[in-house]
Amino acid sequence: MDGRAASLTITDKIPYLLEAGVEPIVFSAITGMKDKRFPHYQFLAWGPAGFRFDFRHWIANQYGRGLFYKITTRTVSILLAPLIAIEKLCLGYSSQWSWALPAFIHGYRLIRSGKVDVVFSVGSAWSAHLAGVWLKKATGVELISEVHDPLVIRKSPVDQGFEKPKNRDARFRHYLENQLTRFSNKVWWFTEGALHYAKVRNPNLNTPNNAHGFVVTPGAEPPGSLAASKKHEYTNQLNLCHFGSLANDRSLSTILKALVPLFNKYPQARQCIRVHAYGAPLDTLSIEAIKQFAFEDILLAHGRLEKDLQTGKSGRERVVEKMQNADVLILLHGNDEWCAEYIPSKFYDYLWTGRPIWGITHRNPQLDQMLLDRGSYLSPEGDAQAVANSLEKIWLDWQNKCLVEPVWEPIGVDQAVKTILTEVQARQPKI
């Protein structure tokens, strides 16, 4: 799916896997574009909630979000409502769980027909890992697994994640993590923190006859023809730009609140600073802060950038253009405990733009060091004074036309694929 982090993580790997002689057969949902380079099967989730979710996206992709979309999706929602209620009552899992059913059945047929040597489960959506574990148990096929986001969400620094959650979906994810560490031949995470806590909960990792766990830095490829940073030009506005999803635990209200003392100290800044939000609706806290401080002209929400039919530019290419036009890129990490195990995927896109990054991070030394190594503004989340100090420094640097010059050290996907193939071939040479 154009611009979606979970899709880009695997899509960017494909050219390097093909170059290495891997012959992929891809299973995915129907919500994205079909790849023509190799067999690509797209499946609807079989459960009513998953079917409704996929159907909405499919209709939107095919016909837009006009009258036909509204009529058909509402009709399907009404018809499925009783079944969705039963599914939620009986299982309580997130809607995408049932995608594992068609993925398992089709995967089983391909494995039995001798067309598959290795199953590679990639999640984000945990249904992919569920299908992978099922296939491993049913056929004994080699299974390698890439875990994007932590499956077990800890609540505090002292919480190791041992307690079984009351929420049924969270409880199942807890179980699934253990299954991956038992049945995957190789399993990797994207941060040192995620691997550390997975090992704490699953001491069988890296022991004989169990999964070998390691860390892969996912990186990102430069969209389109972008291979070098664009020279920055100062204008009469200081543009602070955020790209990606927003939520109350990852909110631009943090920056809006810091603008208040800055404007009090430097009244002229009110006419110069603009905060731009791309890629997602504003979160509740940001909306409230806009109203509270009358910042309707300060925070500009542009929404999601889709493919431009006139120019042919993809949503991803348009996003990078906006990134390169920014004075400073905002990286909001969040304030939940799971930040210790998570690095926003947008960070790797940011590194290709050559623009300074302002990271507001939470309990992640790995991310902090990566930002500092590349020349960035850095603030600890939750420290209002530190955030305000960083904002003032950015303002003064911009006025003096001496914003931080970032170190040009983007992280490509080639290194990720090399790490994966090296690890996998150590045990399974034929891949």
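Q: Within what distance must the centres of two rings lie to pair?
A: The rings that count are those of Phe, Tyr and Trp, with the six-membered ring used for Trp. Planes under 30 degrees apart are stacked, those over 60 are edge-to-face, and the rest are tilted. To pair, the ring centres must lie within 6.5 Å.

Q: What pLDDT do side-chain atom pairs need in this predicted model?
A: Residues are numbered from 1 along each chain as its sequence is written, and side-chain values use heavy atoms, leaving out hydrogens and water. The model is predicted, so totals for chains, interfaces and linings use all residues, local features need pLDDT of at least 70, and side-chain atom pairs count only at pLDDT 80 or more.

Q: How many aromatic pairs does a search of the whole structure find?
A: The search covers the whole structure. The number of aromatic pairs is 25.

Q: Does W97 count as buried or exposed?
A: Buried means under 20% relative accessible area, exposed means over 50%, and partly exposed lies in between (1.4 Å probe, protein chains only). Y93 has 27% relative accessibility, so this residue is partly exposed. W97 has 15%, which means that W97 is buried.

Q: How many residues apart in sequence are the parts that F243 and Y350 tie together?
A: F243 and Y350 form an edge-to-face pair, 6.3 Å centre to centre and 80 degrees between the planes. Both residues are buried. Helices (H or I, at least four residues) and strands (E, at least two) are DSSP runs, numbered from the N terminus. F243 lies in strand β7 (residues 238-243) and Y350 in helix α12 (residues 346-353), so the pair joins parts whose separation in residues is 107.

Q: At what distance from the ring centre of Y197 does R154 lie?
A: A charge sits over a ring if NZ of Lys or CZ of Arg is within 6 Å of the ring centre and within 35 degrees of the ring normal. R154 lies over the face of Y197. The distance to the ring centre is 3.5 Å.

Q: Which residues does R201 touch, not counting those up to four places away in sequence?
A: R201 belongs to helix α8 (residues 192-201). R201 has 9% relative accessibility, so this residue is buried. Contact means heavy atoms within 4.5 Å. By that rule R201 touches V152, R154, Q160, G161, F162, H174, E177 and E341.

Q: What covers the buried residues of α8?
A: The buried residues of this helix are G193, A194, L195, Y197, A198 and R201. Their cover includes α7 (168-183), β5 (186-189), β6 (212-215) and α13 (365-373).

Q: How far apart in space are P203 and N178, C-alpha to C-alpha?
A: P203 sits in the loop between α8 and β6. Its relative accessible area is 63%, so P203 is exposed. In sequence, P203 and N178 are 25 residues apart. From C-alpha to C-alpha, the distance is 10.0 Å.

Q: What is the positive phi of N206?
A: N206 is in the loop between α8 and β6. The relative accessible area is 30%, so N206 is partly exposed. N206 is not a glycine, yet its phi is positive, at about 65 degrees.

Q: What is the positive phi of R363?
A: R363 is found in the loop between β11 (357-361) and α13. With 38% relative accessibility, R363 is partly exposed. R363 is not a glycine either, and its positive phi is about 50 degrees.

Q: Which residues is D397 in contact with, leaving aside its neighbours within four places in sequence?
A: D397 has its place in helix α14 (residues 384-399). Its relative accessible area is 9%, so D397 is buried. Its contacts are Y377, C402 and L403.

Q: By what distance are the C-alpha atoms of A138 and Q324 separated?
A: A138 is in helix α6 (residues 126-139). Leaving aside neighbours within four places in sequence, A138 is in contact with F104, Y108 and R112. Q324 is 186 residues from A138 along the chain. Their C-alpha atoms are separated by 49 Å.
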